[in-house]
Amino acid sequence: MAYGVKVLATGRYLPERVLTNFDLEKIVDTTDEWIRTRTGIETRHIAAEDEATSDMGTQAALRAMEEANVKPEEIDLILVATLSPDKIFPNTACFVQKKIGAVNASCFSIEAACSGFVFGFQIAASMIQTGLYKRALLIGAEMLSSVVNWDDRTTCVLFGDGAGAVVLAQCPESENCFVASDTGSNGEYTDILHVQSGGTADPLTVEKLQNKQNCLEMSGKEVFKIAVNSMVSSAKISLEQANLTIDDIDWIIPHQANLRIIAAVGDRLGINKDKCYINVHRYGNTSAASIPIALDELVRADKIKRGDHILFVAFGGGLTWGSTILKW
């Protein structure tokens with residue numbers, strides 16, 4: 001028997017500390033104008049010293065669960081999308097499980113970089129539709145301040161910390177909100193957006209730590225071109241699956257990488273700019289957390305109406321990309 005899946009509620013969490021472009025001027029050789037004109041970013045949130053990725057994910061999850069009126073023991077699946085886990089293992093979802101008391105949940109994490117939430121939504125929705133699970137907690141949570149090189153002015157200005165969450169539930173197939181989804185990857189480009197050292201292929205040494213080889217590295221120009229092309233292509237595939245046109249989309253929520261990528265994707269798809277939700281200026285790139293954070297902002301501002309079509313589209317290291325269409 002096939003089931004439908006619906007979004008019961010959303011939640012988000014941003015750390016208290018805000019790091020402005022003017023603050024960054026005191027850290028690296030950059031200016032507010034340089035950052036704004038090239039990325040659109042003005043501020044980003046940075047986790048406290050005693051805060052971990054699972055702490056942020058837990059706060060987002062609790063807010064979503066409160067809104068959905070779902071008790072911890074009613075959650076039977078927790079999936080966390082992150083590239084900045086608490087530890088190599090156990091997986092970050094297990095830490096969230098412990099903190100919220102979801103004793104009946106199966107837990108695992110996925111790593112598809114900035115595309116992680118889209119991949120996670122596809123996985124969680126599919127598992128609910130098969131009847132394996134009834135209520136899932138899907139979280140995108142990132143503490144990117146822990147993996148950026150704060151001496152590299154080309155990357156440290158881009159990223160921020162935060163978490164977003166959704167509670168998904170089984171429903172009659174006639175009420176299904178999961179309309180279409182596409183994901184893809186290209187491993188030929190693993191070296192243009194990555195962390196060089198720290199895994200089994202290139203273990204960390206004292207020298208590598210001193211050289212900051214445990215930090216994120218990016219070839220910006222290459223990433224930009226492939227990101228735009230992949231996001232546009234994936235969005236068109238999902239639209240075709242759903243038998244919709246871009247004019248049928250009420251909101252597009254793109255991964256908040258930078259304003260130039262978002263604008264280029266919107267222009268190529270031909271969507272009305274008023275339908276493209278942007279918050280990158282306030283939070284920077286929060287990787288797998290960016291789409292659920294934006295979704296929660298829209299939901300809590302009552303900007304999404306029942307029956308609206310929402311398009312998620314993302315791109316990340318791997319390289320990975322994906323899109324999802326929901327009918328609210």
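Ser-287 sits in the loop between α9 (280–283) and α10; helices here are DSSP runs of H or I with at least four residues, strands are E runs of at least two, and both are numbered from the N terminus. Its phi is near 55 degrees, a positive value in a residue other than glycine. Ser-287 counts as buried because its relative accessible area is 1% (buried is under 20%, exposed over 50%, partly exposed in between, with a 1.4 Å probe and protein chains only).

The model is predicted: local features need pLDDT of at least 70, side-chain atom pairs count only at pLDDT 80 or more, and totals for chains, interfaces and linings use all residues. Numbering runs from 1 along each chain as its sequence is written, and side-chain values use heavy atoms, with hydrogens and water left out.

## Other backbone exceptions

Most residues other than glycine have a negative phi, and most peptide bonds are trans. Asn-243 is not a glycine, yet has a positive phi of about 60 degrees. Asn-243 is placed in the loop between α7 and β11 (251–254). At 70% relative accessibility, Asn-243 is exposed.

Two peptide bonds are cis. Phe-89 to Pro-90 has omega near 5 degrees, and Pro-90 belongs to the loop between β4 and α4. Gly-318 to Leu-319 has omega of about -10 degrees. Leu-319 lies in the loop between β12 and β13.

## Thr-82 in the β4–α4 loop

Thr-82 is found in the loop between β4 (77–81) and α4 (92–100). At 5% relative accessibility, Thr-82 is buried. Its side chain makes a polar contact with the side chain of Glu-142 at 3.0 Å (a polar contact is a pair of N or O atoms within 3.5 Å; within protein, one must be able to donate a hydrogen and the other to accept it, and residues adjacent in sequence count only if both atoms are side-chain atoms). A polar atom of the Thr-82 side chain also lies 3.0 Å from the backbone nitrogen of Ser-84.

Thr-10 is part of strand β1 (residues 4–13). Thr-10 is buried, at 2% relative accessibility. Its side chain makes a polar contact with the side chain of Asp-296 (2.6 Å).

β1 also gives the largest share of the lining of the second largest pocket, five residues. Both β1 and α10 (290–300) supply at least two lining residues. The lining has 16 residues, with Lys-6, Val-7, Leu-8, Arg-306 and Trp-328 nearest the pocket centre. On a 1 Å grid over the protein atoms alone, a pocket is an open set of points with protein on both sides within 12 Å along at least five of seven lines, and lining residues have an atom within 4 Å of a point. The lining divides into six nonpolar, three polar and seven charged residues.

## Nonpolar cores

The largest nonpolar core has 45 residues, and Phe-315 and Ile-325 have the most contacts inside it (a core is a set of buried Ala, Val, Leu, Ile, Met, Phe, Trp, Tyr and Cys residues joined through side-chain atoms within 4.5 Å). α7 (220–242), α8 (259–269), β12 (309–316) and β13 (320–327) each supply at least two residues of this core. α7 gives the most, with nine. Apart from this core lies another, of 35 residues, including Leu-79 and Phe-119.

Ser-238 lies in helix α7. Ser-238 is buried, with a relative accessible area of 0%.

Definitions and conventions. 1 Å grid on protein atoms, 1.4 Å probe; cavity = no way out; pocket = protein on both sides within 12 Å on 5 of 7 lines; lining within 4 Å. Nonpolar A, V, L, I, M, F, W, Y, C, P; charged D, E, K, R; others polar.
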